[in-house]
Structures are given as C-alpha cells and as structure tokens.
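Student: I've got a two-chain complex open on my screen and I'd like to talk it through. Can you take my questions one by one?

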Amino acid sequence: MVGLVLAGGGGKALSVLTAERAVSAVPFGGKYRVIDFVLSNCCHSEITQIGVLTQHAPASLHDHIGAGRPWGFDHRGGGVEMLQPYLTRSEAEWYQGTAHAIARNWDRIEALGAARVLVLSGDQVYRMDYRRMLMVHQRRGATVTLAVTRVLPQESRRFGMVQFDREGRVTRLEEKPRRTEATHASMGVYLFETAALGELLRDRPADLVAGVIEPLLKAGEAVHAHEFTGYWEDVGTVASYYRANLELIAPAPRFELLNPRWPVLTRDEERPPVHLGEHADVEESLVANGCRVSGRVRRSVLFPGAVVERGAEVTDSIVYPDTRIGPGAKVDRAILDKHATVGAGAVVGWGDPPHDPAHAWLDGLTLIGKDAEIPAGARVGRGVVIGIHAGFDGLPREIVAGSALPSRAWYEGRV
Amino acid sequence: MSRYAFILAGGLGSRLCLLSERRAKPAVPFGGKYRIIDFTLSNCVNSGIFDIGVLTQYRPLSLNQHIGLGRPWDLDRNRGGVQLLQPSLGSIQSDWYQGTADAIYQNLIHLQRRRIEQVLVLSGDHVYKMDYNLLYAFHKASHAAVTVAVTEVPAESVSSFGILEADRAGRVTGFQEKPEKSDSRLASMGVYLFDRDSLVRWLAEDAELLDSGHDFGKDILPRLVARGEHVYAHRFKDYWQDVGTLDSYYQTNLDFLAARPPLDLADADWVIHTQSAARPPVYFERGGMAVRSFVANGCRIAGGVEHSMLFPGVTVESGAVVRDSIVMQDVVVGRGAVLDHAIVDKDVRVGAGALLGHGDSGTPNRACPGHLSSGLLVVGKGAMVPKDVRVGRNARIGAFVTERDFGGDVPAGGVVDGPQSMH
C-alpha cells in the first residue's frame, strides 16, 4: 500500500494564515503542523512509501518534511517524495484538481508497484490505523473503500455525504447537500485498487469524487464505506481550525495529543524547556518548549519560542512560533502568526465584534499575519485581519472592528 | 584539514550519589531536557568537528542509548560520526582503562588512518559553550605541542582542580593537581589539544612507567611541564561548570532559572542538541501554576511549581507543590504531595499527600554524610514513595524501592534501601 497525501490546497478560507503556506503546513496544537497527523498515521500504520502532492506555497511543507526523518521515512529505497506540478514539452498545467494531480504523477506512483493506493488529505486531524481499513477493503473485495464518519445534520453542507447499505456498500454520494438523509461524511480517505484507479485516470478527470468514484459507482463496481468512529476534524475554516485547537485544552479533550502508543510525530525544534518567570500565571493552556512566559495566559495555545512579557494577558488565543506579546499588552480571541510583535500596552481583539455578516467567517476572531508589528499602545478591533508584514505607518493607532490591513512584501520600503 | 576528538565519558561521578548509581556522569540529566554530555557533543559539531570517539567504561548503557547513532548532533554519517569506544579484549594491551591517559592509549589505533595533525581530548562532564576553533588557532599561533584550556576559579576551590601557572605568552611553567593552595587560579578544564605525534610518543612512554597512574592531570601534564615541553594554556573566559557534586549539580541547574541564565540555551547560533522524545507541549490545567521554573514538553501541571526544573513528562497533580526541586522524566507527583529541595530521578511515583523535605537540615545523611548534608533530599530512579509519608532533609531514597521498603516516616538524614539498592 502506497500513501498519497493531497497537500496542495491554498485554503482561501484561512486567510493570512495560508497566504504563504499550504493548509497542511498550518501550525496546530502547540508544536505540530496539520500534516503531522496524517504522516504519523502512515508511520504507525506501517506505510513506508509516501507521495506528498503539493502546489500552493509548498516551501514550508518541503522544509518541514525534508527527508521524512521524524516519521521514519528516510529509509533506503523509499520514503517520502514531494510531488510538485512540473513542466513537460507538451504540458504546462497546474494541478486542476485531486484526480489530475494524481494522474500527472501516475508513472511514478505505478512504478512503486503497490497493489493499492491510499489517498489521504493533509488537512485533517485524527488518529487512524489504516491497516484496519485495508483489512475490511480486502475482506469485501472492494475496488475502492471510502472512510466515513458521522457528522451533525447541520454540517452536511461542508462535506461530501455518503449513503451506504447494511453491508457497507455505498449507494449514493452527495456533494455538500443542504439537506440529506445521509448521516456520514466522506473523510477524504480513499483506498483504491491501483489498477482500477489507473484505468479511470486515463480520461484525465479533474476531481477524484466526480471523475473517479462516481463513475465507479455508476458502473456497479464495489464501492464500500468504512466507518471511523474516532475524533476527526477538517481544519479548513478559521472557525473549525480555532475550535479544534482550543478543544485540545478542554478538561476532557475529545482528542488527546498525549498517546504513547500513537504519538504525533513532528520535526524537533531543538528548543530549551518552557521558561516561566517570576510573575507567570498560566492555566488551561498548551505551552511548547522554547516559550518564555512572564504574563498571564488563559485557554491559549503557545507555539515554540512565543514570548509573553510581564503584565501581558493572552486569553482564548493561538500564538505561533517566535511571536512576542510585549509588556502589558492584551490579546483576546486572536490568532497571531509567527514572528509577529505586539508592542507594549497594545490591545489585539478590542471592543465588540463586527455585526456585518460578511465577517461571520472570522467568528469574531482577529488574525495577525506573520512578521506584522503592532505598535505600542495600538488597538486592533475584533474581526480585523492584519496582513503579512503589514505596516502601521501613517495609520491611526486604532484599527476598527471588521477592517483589514493589506500584506506587504518584506523588502517594501527598503529598496 | 580533518579533525578528531576523543570525549572521556567513563567517569564514576561517585559524588553525584544516586544520580550516577546506574548511569555514567555524562549521561546524568541536566537543564530540564539535556544530558551533561550534550554540551560537549554540541560544542564539537558547532565547531565543525564531526569525527568523535566517546570513551566509556562505567555503566555505559544509558549513554549508549542516548547517543545512539548520533542523529541529534548530525553525527550519523558515512565517514566519521560518533563511535562509542568501550574497553575491550583482543588487542595487544587490553584491560579496563586505568586512567584518562590509558583510555586514549588503548585507543591509539583510531588515530592510525586519520589524516589529522592534532587530537582534541575532551571531558564529557562539563557544562559550557566553547568554540574549539579558537583553541586550534591559539595552538597553532603559539607553536604548542599541547594546549590546555584553562578557566579562572575562586582561590578557595583550587584544591578541586588541576592548577596551572603560565607566563604572559601562555607558556605553562607549573602544573599541580589539586593543590592545597596556589598563587595561581587557572584551572584546567580537562580540554586538551595535542599534536598527534607528541601525544603518541608521550602515551607510549607513560605506558612503560610502572609508578604512573596513567592520568593526564595527575601524571602526564606535570611531567611534561617539569621537563620543559611546549605546554601552553589557553584562557577561556566564558561560563564553565564542573557539576561534580550533588550540591553543585543542584545549584548549577537552578542557576539556569535566573532572569539572566549563565548560558543562553535558546541561542539559535549555538544550539545544544539532544535526543528528544515525541511529546506534546506542556499542558497547564485549571488551578495549575508555575513560576521561576523550567518546564519541558510532555509535562502536565495541575498543582504548584516554584523555582524548580521539570524534565519531560512530569505530572504535578492538583494540590501538589514542587518547590526548589529538580524533577526528572516521567515522575508523577500525587495529589497534595510536597517536594521541597528534592532531586527526584526518573520514573518516580510520589504518593498523594507525601511530604518530601521537611524539618531541619542539620543532620547529614547517615550513609553518605560527605555529599548529602546541605539539606537536599535525593530519590533514586523508579522509587515508589508511599502516600502521606513524611521524609526529612538529607534523606536518601534508593532506586526502585517500593512502599514495603518504607517503615513509616523517614527522619532527616535517613536512608531507605530496597532489594535493588546498590550502595
């Protein structure tokens, strides 16, 4: 079985967080990247051949995965391959969709000689043993098996919904229906017989569901569903991403990061232990090695190297690596990308959230792009998006709820 | 030009009491996530030295496990890398290492096919950050046959070190091993850069001497200085610490909790590499509190932590208090338990309501009064401390003792041993 991780998505829904990184490379859970969960699942499921299909801003993903050491993929004659769009004499196309991305690399995948191909999404958080899915797939003699999980009826419009009979045979697929009788969503985890997949990719479909699985279903092939009952979260929106992070620190979390039998593996940041200063006051939070905390932190997730100075308060927030919250600053319900600075006494998440439904996607959160510098004493309202490396020159010190500051290139103003 | 370093890592570290009972001193945990040898190994690779032999002898298993193939230090390479050199049988001279010089002498074969002009000899017992390139440059500029790195120590502690006297150019004119008193305060750091050919000649000569202890500090260097060889001292001015005793081990660890720590462990230009397990970030629960402390990934804090160092995977349950203590990997401090001035080794379970470290500190430990008398309390690896037990200061709780080995409360200076104790 060879694993193919789809990690090319740019995820417009995540705004500045994915402006310069793939969704799969978004930091999660205080020290991980989202893709770590799927790569760890592969490692623990003893899948040793992995292809990672990248397209949007792949540099951070390539940098993170490298030769795949943390997941044991750096072995002779295999491991992990990064499959990026490439140019040939006859073709110059970006990946048009999931199926197209796989088709463009089919020669490479087929050459690995695996009887089955497991297609995964790099944007999801869950802990799953793919070997059990393989067992079910083989026992039923399926051509393709879809992993499915039960979702709330009101969430059906976010997912591809799957209906299946008592034997697990899929009877109907619906793409993001507003209303449906189906109770289970497709997790975007597909186990294909290699030959059948290769056959259908010849017609160069763009999408895996519409172009491969639907035709298989119509042709009466054995399309099966495998139910997964554990925690599973797609972190494709700001609200779901935020919620999934903060759920980790609930008193009885639905997903436990600590699991010695199935640890989440990631690249070691090589940072010293957390340093707690004289006035540190931290409760209900995740704080990673390399952080320095002298202020107050509540219900927040701090990534390696985040600094909370004396008198600062961070509540209900996510702070990425090496971001510094200055003395006396207040951060409430915000996501701060890496290497950002909040000046002394500044407020991030100020006042009331915007009422305009156009801002509903932000769920009242404030997003601060990487390298942004919030000047001392500034006030940034709720529902504000501060672009990457955004500058405050010539702007008021109060950014009102619901507004945005555009990103800047790092060399702007230098050349 | 290629470089090669030997790291001496065979020492007993007997003054570290229970901490080095089951592991070599360089493998003793330090600084909230490191082992002592990480500093020397990281100094090597950060100085561009990627060909290293680690000489082990005393209880090397935890050291072997820690170093492994040398991955964290980028020492898992096709050529060079790290090699663990344990005493062995089969060569012309084969026996346990008799002293530091003998350990190198028995491994001279490793210099045979290496194209090196100098040999760096290091100790795996010290905490410091040093760029060995400066030592090489000094050695070359002074045309030395051997250069000894030295650091200034307080006058009252000269008796713990090899003390050198040097002229203004750095030429060593006197060398005394652990003198009662001395006009000089320049102590050898156990860092030697030898010209390879001189080293081979001197070691072969020393091996023939029946009255020699085959030790660099005690035998070879005093002899070389006395007969006027080109021995030079290179002054190192930054932080350097030998964590030889339980008291200095404790103090040195806690020095890192200060607002201005003696070494910057977060320095991205001089990373201290170490082996680290896949553990989630620290989880602070409601009611948890930690101040003036180091807390490493994998810890879960529901109680109070003050001026302490917690290694990965420590659990402090609610109502528990950890104060002025060093707590190693995967220790569980039960509900309402109190640790005060305690050094607790790996995998210890402290039962709910237990009180470790109370009362007077004037009674030295009954079994080892020499190095357990300042009020610290030591709990050995894997010990199970019963709930509600009270343990006085300067007490020693042996490794792997169980609740049955406790006959009630432990008085100040008391000892709890079990079937697996080694003292």
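Student: What percentage of the 423 residues of chain B count as buried?
Tutor: Keep in mind that this is a predicted model. To count as buried, a residue needs 20 or more other C-beta atoms within 10 Å of its own. Of the 423 residues of chain B, the share that passes is 51%.

Student: How confident is the predictor in chain B, going by mean pLDDT?
Tutor: In chain B, 98% of the residues reach a pLDDT of 70 or more. For the complex, the predictor gives a pTM of 0.93 and an ipTM of 0.90. The mean pLDDT of chain B is 94.

Student: How many helices and strands are there in chain B, and what is its radius of gyration?
Tutor: Chain B has seven helices and 32 strands. The globule rule gives 22 Å for 423 residues, and chain B comes close to that, so it is as compact as a globular protein of that length. Its C-alpha trace spans about 65 × 45 × 45 Å along the principal axes. The radius of gyration of chain B is 22 Å.

Student: Which strands of chain B pair with strand 4?
Tutor: Strand 4 covers residues 51–55, and four of its five residues are buried. Strand 1 (residues 5–8) of chain B runs parallel to it, joined by four bridges, with B:L8 opposite B:L55. Another parallel pairing, over five bridges, involves residues 81–85 of chain B, where B:I52 has B:V82 as its bridge partner.

Student: Over to chain A: what share of its contacts between residues at least 6 apart join residues at least 24 apart?
Tutor: Chain A has eight helices and 33 strands, and 52% of its 415 residues count as buried. Its radius of gyration is 22 Å, which agrees with the value near 22 Å for a compact globule of 415 residues. Among contacts in chain A between residues at least 6 apart in sequence, the share joining residues at least 24 apart is 57%.

Student: Which strands stand at the edges of the seven-stranded open sheet in chain A?
Tutor: The order in that sheet is 15-18-21-24-27-30-32, and the pairing is parallel. Within it, strand 27 (residues 347–350) of chain A is joined to strand 30 (residues 379–381) by three bridges, and A:V347 stands opposite A:R379.

Student: How many of the ten residues of helix 1 of chain A are buried?
Tutor: Helix 1 runs over residues 35–44, and its buried residues include A:F37, A:L39 and A:C42. Just after the helix, A:E46 takes a positive phi of about 60 degrees. Helix 1 of chain A is largely enclosed by the rest of the structure, because the number of buried residues is ten of the ten.

Student: Why do the buried residues of helix 5 of chain A line one face, and how wide is their arc?
Tutor: The buried residues of helix 5 (residues 130–140) are A:Y130, A:M133 and A:H137. An α-helix has 3.6 residues a turn, so residues three or four places apart point the same way. The face turned away from the buried side carries the exposed residues A:R131, A:R132, A:M135 and A:R139. Seen down the axis of helix 5 of chain A, the buried residues line one face because they fall within an arc of 55 degrees.

Student: What do those buried residues of helix 5 pack against?
Tutor: The helix itself is followed by A:G141, whose phi is positive, near 60 degrees. The packing partners, in chain A, include strand 6 (116–121), strand 8 (144–150) and strand 11 (184–193). Also among them are strand 12 (223–227) and helix 1.

Student: Where the chains meet, which strand of chain B pairs with strand 14 of chain A?
Tutor: The contact takes 27 residues from chain A and 25 residues from chain B. By class, the chain B side has 14 nonpolar, seven polar and four charged residues. Strand 14 (residues 274–276) of chain A makes an antiparallel pairing over three bridges, in which A:L276 stands opposite B:S293. Its partner in chain B is strand 16.

Notes: Residues are numbered from 1 along each chain as its sequence is written. Chains are lettered from A and ligands numbered from 1 in the order in which they are written. This is a predicted model: local features need pLDDT of at least 70, side-chain atom pairs count only at pLDDT 80 or more; totals for chains, interfaces and linings use all residues. Helices (H or I, at least four residues) and strands (E, at least two) are DSSP runs, numbered from the N terminus. The radius of gyration is taken over C-alpha atoms; the globule rule is 2.2 Å times the number of residues to the power 0.38. A residue is buried if 20 or more other C-beta atoms lie within 10 Å of its own, exposed if 12 or fewer, and partly exposed in between; C-beta atoms are placed from the backbone. Two residues are in contact if their C-beta atoms, placed from the backbone, lie within 7 Å. Two strands pair if DSSP finds at least two bridges between them. Ala, Val, Leu, Ile, Met, Phe, Trp, Tyr, Cys and Pro count as nonpolar, Asp, Glu, Lys and Arg as charged, and the others, Gly among them, as polar. The arc is that of the directions from the helix axis to the C-beta atoms. pLDDT is the predictor's confidence in each residue, from 0 to 100.
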